[in-house]
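This report describes selected surface and packing features of the structure shown below.

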Amino acid sequence: MGAMVSVLATLLYIALYIFFIAMWVRFIFDWVRVLSRTFQPKGLVLVAAEAAYSVTDRPLTAVRKVVPTLRFGGAGIDLGWSVLMIGTLIALSIVGSFR
């Protein structure tokens, strides 16, 4: 029983770690789009961007429904990414203790 829990925890840890990396890839692509409006990914970069956005879009949308954007005049700070990243790190820590 203990070996099975360890195997399941390891698989879940790997999935969470891939999600963690996808979150950072999304963060980088979001900032590249902000800083260079004409950026058009091609080839392998396009595949990486599509994979990152596909994996992270639904969880991020769900968090953004619960956590509102902070408004400062005309500007806004999206806290959804930060909350999801902190939740992912906590989940990694918890699952990592079962490995």
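In this predicted model, helix α3 (residues 80-96) supplies the largest share of the nonpolar surface patch, namely 3 residues. The patch covers about 660 Å² and is made by Met-1, Val-5, Ile-86, Ile-90, Ile-94 and Phe-98. Of these residues, Ile-86 lies in helix α3.

| Helix pair | Angle | Axis separation |
|---|---|---|
| α1 (residues 2-35) and α2 (residues 44-66) | about 100° | 8 Å |

Because angles of 65 to 115 degrees count as roughly perpendicular, α1 and α2 are therefore described as roughly perpendicular to each other. On the α1 side, the contact is made by Phe-19, Ala-22, Met-23, Val-25, Arg-26, Phe-29, Asp-30 and Arg-33. The α2 side contributes Val-45, Ala-48, Ala-49, Ala-52, Tyr-53, Val-55, Thr-56, Asp-57, Pro-59, Leu-60 and Arg-64. Sorted by class, the residues in the contact of α1 with α2 comprise 13 nonpolar, 1 polar and 5 charged.

Two of the α1 contact residues, Arg-26 and Asp-30, also pair with each other: their side chains meet in a salt bridge, at 3.8 Å from N to O. Side chains of opposite charge can pair when their charged atoms come close. Arg-26 and Asp-30 are separated by about one helical turn, because they stand 4 residues apart in helix α1. The structure holds 3 salt bridges, and the one between Arg-26 and Asp-30 is among them.

Key: Residues are numbered from 1 along each chain as its sequence is written. This is a predicted model: local features need pLDDT of at least 70, side-chain atom pairs count only at pLDDT 80 or more; totals for chains, interfaces and linings use all residues. Side-chain values use heavy atoms; hydrogens and water are left out. Patches are made of residues with over 30% relative accessible area and no salt bridge: like charges are joined within 9 Å, nonpolar side chains (Val, Leu, Ile, Met, Phe, Trp, Tyr) within 5 Å. Accessible areas come from the Shrake-Rupley method with a 1.4 Å probe; for residues, only the protein chains shown count as cover. A salt bridge is a side-chain nitrogen of Lys or Arg within 4 Å of a carboxyl oxygen of Asp or Glu. Axes are lines fitted to C-alpha atoms, for helices over the stretch in contact, and angles run from 0 to 180 degrees between N-to-C directions. Angles under 35 degrees count as roughly parallel, over 145 as roughly antiparallel, 65 to 115 as roughly perpendicular and the rest as oblique. Contact means heavy atoms within 4.5 Å. Ala, Val, Leu, Ile, Met, Phe, Trp, Tyr, Cys and Pro count as nonpolar, Asp, Glu, Lys and Arg as charged, and the others, Gly among them, as polar.
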